[in-house]
Amino acid sequence: MSELNQFNNMCKKSSDELTHDTSQLDEVLKVYKNKPGSMITILQKAQDIYGYLPKDIICYISQETLIKTPIIYGVATFYTQFRLQPVGEYLILLCKGTACHVNGANEIEQTICDELNIQNGETTEDGIFTLNNVACLGCCSLSPVMMINGETYAKMTPKKARSILRDLRKKSKLNAGKEDQV
Amino acid sequence: MKIIIGQGSCGIAAGADKVTVAIQKELESRNHPLEIELAGCCGTCYLEPIVDVVSDNGQKTTFVSVKPEHIAEILDFAIHQKQPKDAVIMGDNDQASLDKQVRIALRNAGVLNPEKIEDYLANDGYKAIQKCLQEMTPQDVIEDVKISGLRGRGGAGFPTWFKWQAANQQKATPKYIVCNGDEGDPGAFMDRSILEGDPHSVIEGMMIGGYAIGANEGIIYVRAEYPLAIKRLEIALKQAREKGILGKNIFGTGFDFDIWIKAGAGAFVCGEETALIASLEGQRGMPRLKPPFPAQKGYWGKPTNINNVETFANIPWILLSGGSAFAALGTEKSKGTKVFALAGKIQRGGLIEIPMGLTLREVIYDIGGGIQDNKAFKAVQMGGPSGGCIPASLLDTPIDYESITATGAIMGSGGMIVMDETTCMVDMARFFLDFTCKESCGKCVQCRVGTKRMLEILERITNGEGKDGDIELLEDLCQKVKDGSLCALGGTAPNPVLTTLQYFRDEYEAHIYEHRCPAHNCKKLLTYTIKEDLCVGCGACAKKCPSDAISGEPKKVHSIHQELCIKCGTCKTVCTFNAIEAL
């Protein structure tokens, strides 16, 4: 409850200070704001635009749709797809489905956490990687699998996971010009 | 002559994209245009990427586990009939395992191009809906589905005709028909493959259902985690509209029907009908009390019929071939075929479709090829978080709704995860409780709190801190969660615990009373040692050990001080020489 109150207060304070550009979102709202039952779709499109659901944008959606922020917040926190925090340049979705679990997903998770020094749900300090465990990616016969920015990596081993992450770190835009830190 | 590349999500994950690019490049450099088609998953996921070469007389040669470097050989074979050297043609065993199956729901998956409506139309596509509209009344349609004996393929196994009849009899309008593609069971991918490989048959099935209940609007609810399925559905819907198959006055019969897609946002409980409807309405997906059933009051309070993807995919075939043809397959109470996703420690993982009544042994050994690495079979998990683990002693159980339910598991949507001797059954129960605990919507106290308490007990046991009385406490909680939950999520959440307790109670007891994990899986109950013959003394493990329990001189064999070891397993993950043994 305190989290909710905090969120509401925050909304009141920051409602004037919309820090994000809403031109793309306005197009979405034009189509959906008067269509009942569209909240999930609006939030999905907003997340596509901003990468996550910033608080000022939730407040803005609330003003436009006349749906109260706690209700929007309730929907946003109910579904695993929605994020209230920005994610790194590479979003790692580590499958923790049954088949992956049986075939060693925990070891892969431990390796990723060790390599990046983060836990599930966290982002590395340099903003390059975010790790999210997910329930199932539906590629069970290639388990264990992980998906990074839409690309699926099959039949993972701790060694493979490490080398994939190191390669991506080298390729990272945020690392451009810097010495390889690994 | 044409080339077909399997492009389901699994094929793409295995590298089908790269293979496609390589084929296009090679054809360009040879200046030899050949027709390239894409297809969905044909089910043999363990052989992906798959490339079919189809000659002009229709003869098909299937290349498996294709790598870009095989392309030149495959094209030499296709164009010059030159026998390949390194590229692998599908073996007889794999072919035999395909031949044992009977494909109705999967009849087009992996065969037709899912992005071309012409392919579907050329294979009796949309003939069933045409037949219904022109020759049958809605009541005739329901009657034929009744004869077929088709039961809901989403898990509960409720007779499809009965649901249609209930929705048909409602007076209120408009009515809606919904396809439940929120495949949330971790370890199941039947619906994904059907939607990716044969979207038109689901659309046609929905149209027939719509006609039968008197709905003019259909909604497909698909998981957002299945972007390719959504894309292929969008293409299919667009093509159907362009051909006048969806829209107004379909086939000149005055029947109007259209479908739109709703992307789910990730919540297992939305597989439950009333939760799914709440989600369609843009709310939190929380189930409500039934009755009223969705057939009476569903989407926006109007009569709504919800069926699973696989159920709809069966419908066109049933209406074209007749309900009795479907009923001729399967057992007395479970008619027809069922699709299963075989995964886990199985040789030939993938998607299979079999007539009901085959035994588990036939599926796992004859079709699935048995267990990987010649290990011993321990159990098969059916029904996901709502189901249970069936032990080796029950391998001769026939696969039908009643027999599977009698084991304590459920048929479920079709996930079949095979486990070998290295899988800890207590950990398996913990895994599923972790899942249901996270996915509980929080409405009912018993489910919200009960699953959490059960998870804590299971974590305690797998961490070696189990207490005398924990098993009895678990059993008591199982009953209370079952009794006190409104929907099937809570009502079935204890099943993984109950079945493992029923068949593998000794494993629970070994964890609690002997502080030992018989499968050598639970980290806290293992002893870590260094194999002297494999250790090169690189020191990586000593550097990472959080409790400084590893010592040794550089380039010499290291050792672990057991009294300091906290059993975190870090040494095992960092060792690149496989020198750490955990027993």
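Predicted model: local features only at pLDDT ≥ 70, side-chain atom pairs only at ≥ 80, totals over all residues.

Student: Which element gives the most residues to the side of chain B that touches chain A?

Tutor: The contact takes 35 residues from chain A and 45 residues from chain B. On the side of chain B, the elements that give two or more residues are α1 (9-14), α12 (273-280), β11 (337-344), β15 (415-420), α17 (425-439) and α24. By class, that side has 21 nonpolar, 19 polar and five charged residues. The element of chain B that gives the most, with five residues, is α1(B).

Student: Turning to α7(A), which element of chain B do its buried residues pack against?

Tutor: Helix α7(A) covers residues 105-116, and its twelve residues reach 16 Å from the first C-alpha to the last, close to the 16 Å expected. Its buried residues are Ala105(A), Ile108(A), Glu109(A), Gln110(A), Thr111(A), Ile112(A), Glu115(A) and Leu116(A). Within chain A these buried residues pack against β1, α6, β2, β3 and α8, and from chain B the partner is α24.

Student: At what angle do α7(A) and α8(A) pack?

Tutor: The contact is formed by Glu107(A), Ile108(A), Thr111(A), Ile112(A), Glu115(A) and Leu116(A) of α7(A), together with Pro158(A), Ala161(A), Arg162(A) and Leu165(A) of α8(A). By class, this contact of α7(A) with α8(A) has six nonpolar, one polar and three charged residues. The crossing of the two helices is right-handed, and with their axes 9 Å apart, α7(A) and α8(A) pack at an angle of about 35°.

Student: Is the crossing of α9(B) and α11(B) left-handed or right-handed?

Tutor: The axes of α9(B), residues 190-197, and α11(B), residues 227-242, come within 8 Å and cross at roughly 35°. The residues in contact are Arg192(B), Leu195(B) and Glu196(B) of α9(B) with Leu228(B), Ala229(B), Arg232(B) and Leu233(B) of α11(B). By class, they comprise four nonpolar, no polar and three charged residues. As for the sense in which α9(B) passes α11(B), the crossing is left-handed.

Student: Why does Lys338(B) count as buried?

Tutor: Lys338(B) is found in strand β11 of chain B, and, leaving aside residues up to four places away in sequence, Lys338(B) touches Arg153(B), Ile354(B), Met356(B) and Gly414(B). A residue counts as buried when 20 or more other C-beta atoms lie within 10 Å of its own. Lys338(B) therefore counts as buried, because its C-beta neighbours inside 10 Å number 27.

Student: And is Ile352(B), in strand β12 of chain B, buried or exposed?

Tutor: Strand β12 of chain B, where Ile352(B) lies, covers residues 350-355. Not counting residues up to four places away in sequence, Ile352(B) touches Gly43(B), Gln101(B), Phe340(B), Leu342(B) and Ile367(B). Because 28 other C-beta atoms lie within 10 Å, Ile352(B) is buried.

Conventions. Residues numbered from 1 in each chain as written. Chains lettered and ligands numbered in written order. Helix = DSSP H or I, 4+ residues; strand = E, 2+ residues; numbered from the N terminus. Expected span 1.5 Å × (residues − 1). Buried ≥ 20, exposed ≤ 12 C-beta atoms within 10 Å, placed from the backbone. Contact = placed C-beta atoms within 7 Å. Nonpolar A, V, L, I, M, F, W, Y, C, P; charged D, E, K, R; others polar. Axes fitted to C-alpha atoms, helices over the stretch in contact; angles between N-to-C directions. Left-handed = near helix turned anticlockwise from the far one by under 90°.
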